[in-house]
2 protein chains.
Amino acid sequence: MGLKQTFERAHSVEQAQQPSVGLVGFGGFGRLIARELAQGNKLTICDPLYSRAVLPDGQRLTLQGLAEVAQSDIVILAVPVSAMAHVCRVLAPHLRPGTLVVDVGSVKVAPMQDMQRLLPAHVEILGTHPLFGPQSARSGIAGHKIALCPVRGSKWRRVAAVLRRRGLQVLVTSAQDHDRELAVVQGLTHMIGKVLSDLGPMPERLTTASFDLLREAVRMVQDDPPTVLHAIEVANPYAAEVRNAFFERAEELKAQFEAHPEVGQTVPAS
Amino acid sequence: MGLKQTFERAHSVEQAQQPSVGLVGFGGFGRLIARELAQGNKLTICDPLYSRAVLPDGQRLTLQGLAEVAQSDIVILAVPVSAMAHVCRVLAPHLRPGTLVVDVGSVKVAPMQDMQRLLPAHVEILGTHPLFGPQSARSGIAGHKIALCPVRGSKWRRVAAVLRRRGLQVLVTSAQDHDRELAVVQGLTHMIGKVLSDLGPMPERLTTASFDLLREAVRMVQDDPPTVLHAIEVANPYAAEVRNAFFERAEELKAQFEAHPEVGQTVPAS
């Protein structure tokens, strides 16, 4: 057997050992997953909006129906948080026993409840939240963080090991702890980012180092689709509370600043 | 003449060519100025709070009175914006003709008006705003930005040339344009930074890249003295307007988020 055949055979054995992956959703994050899995995994994709997908390596894929994708060893749901319950309902009858169903949403409490309630008892469930996106991971996922909320079964441990080998920092937590922390981390960042980008172009000339960091943070979140903002600000059960604490403290400060009108009223010479 | 003497003589000729500098104010920013000028300039310092100053190179300096410091070729006022008018009044009678008086405050409109009104007509005036601080420039000033608002005389051009040679990016502007731009750049950053640091320790585990940038921005401004926050939020004539635009847009967004209670009310399983 020649060298080429040896390599091809080794590669096909490796592929055979890799679990097959079904991806539901080919939006911004679905594409990132496809890019990461295009090599080495048997990947099938389903998205009602598309019939063909071009992977980043140029590979063209005909998109499958939900029933076909459901036959994979691992099924990843990369759908908006608000669509989770619906997708679980239509997916449920097609899932085989022992399949691992994984989500990637920005909130975990409600989606994990939906998955437990709506998916058959014979599948395993893992909640994940990759703490990066198409913007921050455009040059690769290594070094980024991913939160895992194991819900049912033990296959998630193998997933965690693969993610660690890919250079990700794996953080295991509960859905509640996740949503409480992310209500600050994403709730505040995305709200501030949305307000600042709505206010129009930001200054670029007379800037400070701290403002440059703030502007860079805004740039990273401003192109997120509205479904992400909705998940972070509305579907996270702790977001409103954190937001209100921010505004209460801001109002107090504002009142303090306005209590010194003698200085603020200085009229600029024109 | 030996090599040592040649060097010493060259050094003393160089020192003689350098203008003498008087520094009023030995707070956080005054110390940064002293660190930058300790080599090569004849530097005298005045601060009513101190009688001795230890420069970063270990040199011990006896602090002078305002009258002595006023004899320098260049007098730098590194005092809180709210103290500018007072300092100008007590400094004025001691200043020699042709002296260049420079400020370093975070706002320019009102302080420039105070300097023009209160300093004698025979001195030159330059408003500056170094767009960095003890935090962001702790490892040096090269690469940072400084805004210059020339008010009276032409010696500021020599200062600009020296600053450029030190690696600073020199941005010449008017007091009005400066304050309008900084009302966004510093007004929003410091307000957001103050609110976030008042809310308590920020999450460190489940963080995203954009939140890490926001947290770093907060860390850079949270140790600024209250006088800096006052200058930025109260003494800047455009700060209130920018702040109000931020809060109006934020309130609209908040109302949008709260219009979807059916999702937000999901009760976490405990």
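Let's start where the chains meet: 66 residues of chain B are in contact with 66 residues of chain A. Keep in mind that this is a predicted model.

How much area is buried between chain B and chain A? About 6200 Å². Carbon and sulfur atoms give 72% of that area. Three residues of chain B stand out here. B:Arg205, B:Leu206 and B:Phe257 supply 12% of the area that chain B buries against chain A.

Now the charged pairs. Two salt bridges are found across the interface of chain B and chain A. Take the pair A:Asp198 and B:Arg249, which form a salt bridge. Their closest N and O atoms are 2.6 Å apart.

Polar contacts next. There are 14 residue pairs in polar contact across the interface of chain B and chain A, with both residues at pLDDT 80 or more.

Which elements build chain B's side? Several give two or more residues to the side that touches chain A. Among them are the helices α5 (109-118), α7 (175-198), α8 (209-221) and α10 (239-258) of chain B. The strands β8 (145-152) and β9 (169-172) of chain B are also on that list. Which element gives the largest share? That is α7(B), with 15 residues. By class, this side of chain B has 39 nonpolar, 15 polar and 12 charged residues.

Next, look inside chain A. Chain A is divided into two parts: domain 1 covers 3-173, and domain 2 covers 179-257. Taken over C-alpha atoms, the domain centres are 29 Å apart. The contact between them takes 11 residues from domain 1 of chain A and 13 residues from domain 2 of chain A.

What about area? The two domains of chain A bury about 970 Å² between them. Of this, 63% is on carbon and sulfur atoms. Again, three residues lead. A:Ser106, A:Val107 and A:Gln135 supply 46% of the area that domain 1 of chain A buries against domain 2 of chain A. That is more than any other three residues.

On the side of domain 1 of chain A that touches domain 2 of chain A, five residues are nonpolar, four are polar and two are charged.

Definitions and conventions:
Residues numbered from 1 in each chain as written. Chains lettered and ligands numbered in written order. Predicted model: local features only at pLDDT ≥ 70, side-chain atom pairs only at ≥ 80, totals over all residues. Heavy atoms only, no water. Contact = heavy atoms within 4.5 Å. Buried area = accessible area lost by both parts, 1.4 Å probe. Salt bridge = Lys/Arg side-chain N within 4 Å of Asp/Glu carboxyl O. Polar contact = N/O pair within 3.5 Å; in protein donor to acceptor, adjacent residues only side chain to side chain. Helix = DSSP H or I, 4+ residues; strand = E, 2+ residues; numbered from the N terminus. Nonpolar A, V, L, I, M, F, W, Y, C, P; charged D, E, K, R; others polar. Domains from an automatic or database assignment.
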